[in-house]
Amino acid sequence: MLRIALVNMPFADWNRPSFALGQLSTLVSREFDGRARARVCYLNQDMAEYFGTRLYESLSVSHDHVDTGIGDWLFRHLAFPDAPDTAAEYFQRYYRGARWEDFRDRILRARDGLRGFCAELIGRYRLDEAAIVGFSSMFAQHVPSMALTRMIKERNPRTLVVLGGANCEAPMGAVVAEHVPAVDFVFSGPALHTFGQFVQCVLDGEPARADTIPGIISSRNCRDPRFRTAIGAERDIDDYFLPDYAGFSDALDSHPELRRTGTSEPMLFFETSRGCWWGQRSHCTFCGLNGESMAFRAMAPELAVRQFEWLLDPAG
Ligand code: B12
Ligand code: SF4
């Protein structure tokens with residue numbers, strides 16, 4: 001049985017599941033039943049407890065912090081240990097003055113303990129024993145994912161580490177494949193076809209065969225324009241994937257402190273459309289979606305209703 005760990009890193013909100021990882025987990029059970037098993041691991045909730053719920057909430061959503069890149073900066077020394085420390089320059093540029101003194105102390109203390117805590121989490125979730133570890137990267141999850149990737153590879157170089165999500169869509173994904181050797185494959189754009197194809201390559205003992213699949217980028221194919229600028233083939237939205245939320249509810253159960261001390265309420269997602277109705281006519285200048293994933297696609301209404309029924313009564 002191929003063991004796959006799908007990881008949601010900080011600074012994803014602690015109170016929401018990763019819809020992407022939930023879908024990919026369902027894909028694995030649907031297409032590889034008995035041959036591969038996926039589990040979604042909410043390390044962001046462990047990290048929320050580590051930082052303290054209120055500080056974590058503010059680091060992940062407040063514009064005081066989202067705009068300073070602090071989520072990525074905090075994990076920089078673990079992802080790129082050979083790079084010189086930038087704490088002095090960073091705090092010269094951001095969080096200057098007496099108003100931020102306590103915050104700076106708290107952040108530096110938290111940063112000092114991150115290596116030990118990440119090592120503990122790798123052990124707790126047995127990430128170095130998985131055949132494949134997949135990270136979903138949106139916004140400030142990028143460097144935290146690379147940090148853990150590096151630490152997993154140090155423990156077990158045979159674990160295949162892959163990265164996908166909004167931060168990996170072409171042309172960003174190719175740059176990661178080129179410059180971050182610890183990441184074996186990067187998934188650009190939709191992955192409901194490509195991830196299954198990749199798992200099949202691994203089951204066949206030929207992971208490098210994935211280099212021939214548009215939407216999957218490695219250090220070998222990243223300079224070839226056919227792969228560098230490609231996104232994965234789209235799966236019909238009416239090919240219905242209920243997300244696997246089991247890992248999310250387990251994580252909430254094992255971190256009651258978050259609900260007790262946080263200001264956010266847990267919530268679940270549903271998907272009834274993809275792309276953007278507005279953007280396909282008039283693309284906003286600050287938008288992170290590219291032209292290829294912009295076309296609006298709506299789910300058949302009866303499937304949307306079935307999804308709501310499932311959300312309201314998952315056992316029914
Ligand atoms: C829903 C949504 C939200 C929700 C929920 C976010 C959440 N925590 O899950 C809310 C409203 C809370 C939100 C908030 C924010 N969001 Co938002 N959000 C979206 C939106 C509309 C959809 C994301 C989604 O779930 N799609 C459905 C899933 C299934 O698609 P997906 O994530 O792309 O996953 C597919 C592939 O990428 C791939 N994949 C993904 N992960 C992985 C992992 C592996 C291993 C593999 C193989 C493949 C893979 O496979 C999936 C299936 O095909 C996108 C825009 C968009 N249409 O994509 C913006 C978007 C992701 N958000 C964005 C931003 C910037 C933010 C904020 C930072 C805004 C802010 N300044 O506060 C916050 C961050 C909140 C936080 N800390 O978590 C940007 C991200 C840019 C970037 N490069 O990362 C996007 C792309 C919007 C944009 N126009 O630029 N967001
Ligand atoms: S930012 Fe992008 S996704 Fe949002 S409305 Fe504008 S075009 Fe659509």
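**View 1. Who stands around ligand 1.** Four elements, α1 (19–31), α4 (63–66), β3 (132–136) and β4 (160–164), each put at least two residues into the shell around ligand 1. The biggest contribution, 5 residues, is from α1. Helices (H or I, at least four residues) and strands (E, at least two) are DSSP runs, numbered from the N terminus. This is a predicted model, where local features need pLDDT of at least 70 and side-chain atom pairs count only at pLDDT 80 or more, while totals for chains, interfaces and linings use all residues. Residues are numbered from 1 along each chain as its sequence is written, chains are lettered from A and ligands numbered from 1 in the order in which they are written, and side-chain values use heavy atoms, with hydrogens and water left out.

**View 2. Ligand 1 between two domains.** Ligand 1 lies between domain 1 (2–265) and domain 2 (270–316), because both give residues to its shell. Those domain bounds come from an automatic or database domain assignment. There are 32 residues around the ligand, and S136, F139, N167, A191 and G288 come nearest; to be near, a residue needs a heavy atom within 4 Å. Sorted by class, the shell has 20 nonpolar, 10 polar and 2 charged residues. Here Ala, Val, Leu, Ile, Met, Phe, Trp, Tyr, Cys and Pro count as nonpolar, Asp, Glu, Lys and Arg as charged, and the others, Gly among them, as polar.

**View 3. Polar atoms facing ligand 1.** Zoom in on S136: a polar atom of its side chain lies 2.7 Å from a nitrogen atom of ligand 1. At F139, a polar backbone atom is 2.7 Å from an oxygen atom of the ligand. G165 has a backbone N or O atom 3.4 Å from a ligand 1 nitrogen. A polar contact is a pair of N or O atoms within 3.5 Å; within protein, one must be able to donate a hydrogen and the other to accept it, and residues adjacent in sequence count only if both atoms are side-chain atoms.

**View 4. S188, tucked into a loop.** S188 sits in the loop between β5 (185–187) and α11 (194–203). S188 counts as buried because its relative accessibility is 0%; buried means under 20% relative accessible area, exposed over 50%, partly exposed in between (1.4 Å probe, protein chains only). A polar side-chain atom of S188 lies 3.0 Å from the backbone nitrogen of A170.
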